[in-house]
Amino acid sequence: MRFSIVTPVLAVLSLPLATAQLNWHAKKAGLKYFGAATDSPGQRERAGFETAYPQYDTIQRDKDEFGQTTATNGQKWLFTEPERGVFNFTEGDVVASLAGKNGQLLRCHTLVWHSQLAPWVEETEWTPEELRSVIVEHITHVMGHYKGQCYAWDVVNEALNEDGTYRESVFYNVLGEEFLKLAFTTAAEMDPEAKLYYNDYNLESPGLKSEGAIRIVKLLQEAGIRIDGVGMQAHLVAGSAPTLDQQIAVMQSYGALGVEVALTELDVRVEMPANETNMAWQAEVYKNSVGACVQVPACVGVTIWDFYDPFSWVPAVFPGEGAALLWFNDFTKHPAYYAAIEAMKNKTGGHACKPKRRTVESRRSHPLYTI
């Protein structure tokens, strides 16, 4: 799918970027990685697109394009512990194996979340003592299996409402704030080397929810419990996303607490069909989000939530919306691809970009499965 776009934000399309690739530019700009999440072949959104796999796999394993990956589903509770004490790492191992085989960083996702939770957790009436044991057992087994393979773990995911109050999940309803402390304490014990993150959506601009995330970080720090990062999921909407300045400001507010920041699930959905106008809006959003990360020393990297439009979660959850990623169905690139590169070349907005030095040891996973 191609568009003849001449708007100023997309003038970069005329540049000779045939060999330009996202992770290469990210590392040159001082980030640790630019990555893309992926899912198990044949499952969920990937089902029925098997003929696309060879071209998809070639892009996914190119380290100049993507230096990091995340399992979009395979490490969630529903898949890793579908019955109490019965652990299944098959799907998570597919993506962990890819990361190890390709020499890419692995962000592991996620340990404690109210959604995609095994029914036995949600449907049981727990005493506090019982639920503490369930949380510890789950984190211990899952992190133990992947120990040494994960650059970072999203330890707790989406614990906040939009007004910054706590979501009434089974974990909070039984244990209150204690579940956060317990999850991070257990995670720190299980893998002292992995970065431990709180991860959530709508944390991309200052407001009540970002203040809630700051409260969580301070809660843990004041208790002497390790937390290393705030993950900004960044599931954004073209035409109504936070501005560059808003994203810079909120990243700085997290960084001021001494933790790192990452865009962990970036995508930018548009109303379908895709056209010149909404692709230009989308390009501006990608440029601002990636540009903000480049300009804030605390921000270490960007992960897009897959890269190929047919594999996106968006159409199933937001009917009438889609084209949220950087490759169209025919594997041509969105204008936003080049806008993201432009941002990493330090030409976003009017802000001067300070040089940043970031180092990270590549913690590769074991080749358990191959595709």
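This is a predicted model: local features need pLDDT of at least 70, side-chain atom pairs count only at pLDDT 80 or more; totals for chains, interfaces and linings use all residues.
Colleague: Let's start with the helices. How do the axes of α11 and α13 cross?

Modeller: They cross at roughly 25° and come within 8 Å. Helix α11 covers residues 276-295, and helix α13 covers residues 335-344. Angles under 35 degrees count as roughly parallel, so α11 is roughly parallel to α13.

Colleague: Is the crossing of α11 and α13 left-handed or right-handed?

Modeller: The crossing of α11 and α13 is right-handed.

Colleague: Which residues in α11 meet α13?

Modeller: From α11 they are Met279, Gln282, Ala283, Tyr286, Lys287, Val290, Gly291 and Val294. On the α13 side they meet Pro335, Ala336, Ala339, Ala340, Glu342, Ala343 and Met344.

Colleague: And by class, what does the contact of α11 with α13 have?

Modeller: It has 11 nonpolar, 2 polar and 2 charged residues.

Colleague: In which sense do β4 and β5 pair?

Modeller: Parallel, over 5 bridges. Strand β4 is residues 152-157. As one example, Asn157 has Asn199 in β5 as its bridge partner.

Colleague: What about β5 and β6, over how many bridges do they pair?

Modeller: Over 4 bridges, in the parallel sense. Strand β6 is residues 229-232.

Colleague: Which residue in β6 does Tyr198 stand opposite?

Modeller: Tyr198 stands opposite Val230.

Methods:
Residues are numbered from 1 along each chain as its sequence is written. Side-chain values use heavy atoms; hydrogens and water are left out. Axes are lines fitted to C-alpha atoms, for helices over the stretch in contact, and angles run from 0 to 180 degrees between N-to-C directions. Helices (H or I, at least four residues) and strands (E, at least two) are DSSP runs, numbered from the N terminus. Angles under 35 degrees count as roughly parallel, over 145 as roughly antiparallel, 65 to 115 as roughly perpendicular and the rest as oblique. A crossing is left-handed if the near helix is turned anticlockwise from the far one by less than a right angle, and right-handed if clockwise. Contact means heavy atoms within 4.5 Å. Ala, Val, Leu, Ile, Met, Phe, Trp, Tyr, Cys and Pro count as nonpolar, Asp, Glu, Lys and Arg as charged, and the others, Gly among them, as polar. Two strands pair if DSSP finds at least two bridges between them.
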